[in-house]
Amino acid sequence: MRLSNIIISITLLFMLSGCKIGPTTYEIFEMHRNYAIGDSFVLRWGEESREIYSDDKYIYISEYPKGCIYGYFTNKDGKPEKIIGWIILSGEENCKLQQSYAFLF
């Protein structure tokens, strides 16, 4: 392989894999959780983590990053079931993320 092919391959791998830049903060964690409001993607992977929160809400409990336990609220009576909010249940000091970027076409 020529050197140019190797450099192009490494560059493509770097661009498609993404990277994390900047400080680790609660604001970035909050931005990621707020992004999910109004969507139903959590419901596809969290069926086993669903619990009844109140008469009109379910809660889907998750842990990410390690030590940060939070839950997404969903409407119990609506079809389709959508996320209407979220709450940190424990480990608030661990609920920090770093901004990540990926170059996708």
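Reader: What does the accessible surface of the chain come to?

Author: The accessible surface comes to about 7400 Å², and 59% of that belongs to carbon and sulfur atoms. Accessible areas come from the Shrake-Rupley method with a 1.4 Å probe, and for residues only the protein chains shown count as cover. Before we go on: this is a predicted model, where local features need pLDDT of at least 70 and side-chain atom pairs count only at pLDDT 80 or more, while totals for chains, interfaces and linings use all residues. Residues are numbered from 1 along each chain as its sequence is written, and side-chain values use heavy atoms, with hydrogens and water left out.

Reader: How many helices and strands are in the chain?

Author: Three helices and six strands. Helices (H or I, at least four residues) and strands (E, at least two) are DSSP runs, numbered from the N terminus.

Reader: What makes Cys-68 and Cys-95 a disulfide?

Author: A disulfide is a pair of cysteine sulfur atoms within 2.5 Å. In Cys-68 and Cys-95 the S to S distance is 1.9 Å, and a disulfide joins them. By this rule the count comes to one disulfide.

Reader: Why is the disulfide of Cys-68 and Cys-95 called right-handed?

Author: The torsion about its S-S bond is about 95 degrees, so the disulfide is right-handed. Cys-68 lies in the loop between β3 (57–63) and β4 (69–75), and Cys-95 in the loop between β5 (83–90) and β6 (97–101), so the pair ties together parts that are 27 residues apart in sequence.

Reader: Are Cys-68 and Cys-95 buried or exposed?

Author: Cys-68 and Cys-95 are both buried. Buried means under 20% relative accessible area, exposed over 50%, and partly exposed in between (1.4 Å probe, protein chains only). Of the 105 residues of the chain, 29% count as buried.

Reader: Which residues of helix α2 are buried?

Author: In α2 (residues 26–35), they are Ile-28, Phe-29 and Arg-33. These residues cover an arc of only 140 degrees around the axis, which puts them on the same side of α2. The arc is that of the directions from the helix axis to the C-beta atoms. On the other side of α2, Glu-27 and Tyr-35 are exposed.

Reader: Which residues touch the most other members of the largest nonpolar core?

Author: Among them are Phe-29, Cys-68 and Cys-95, in a core of 13 residues. A nonpolar core is a set of buried Ala, Val, Leu, Ile, Met, Phe, Trp, Tyr and Cys residues joined through side-chain atoms within 4.5 Å.
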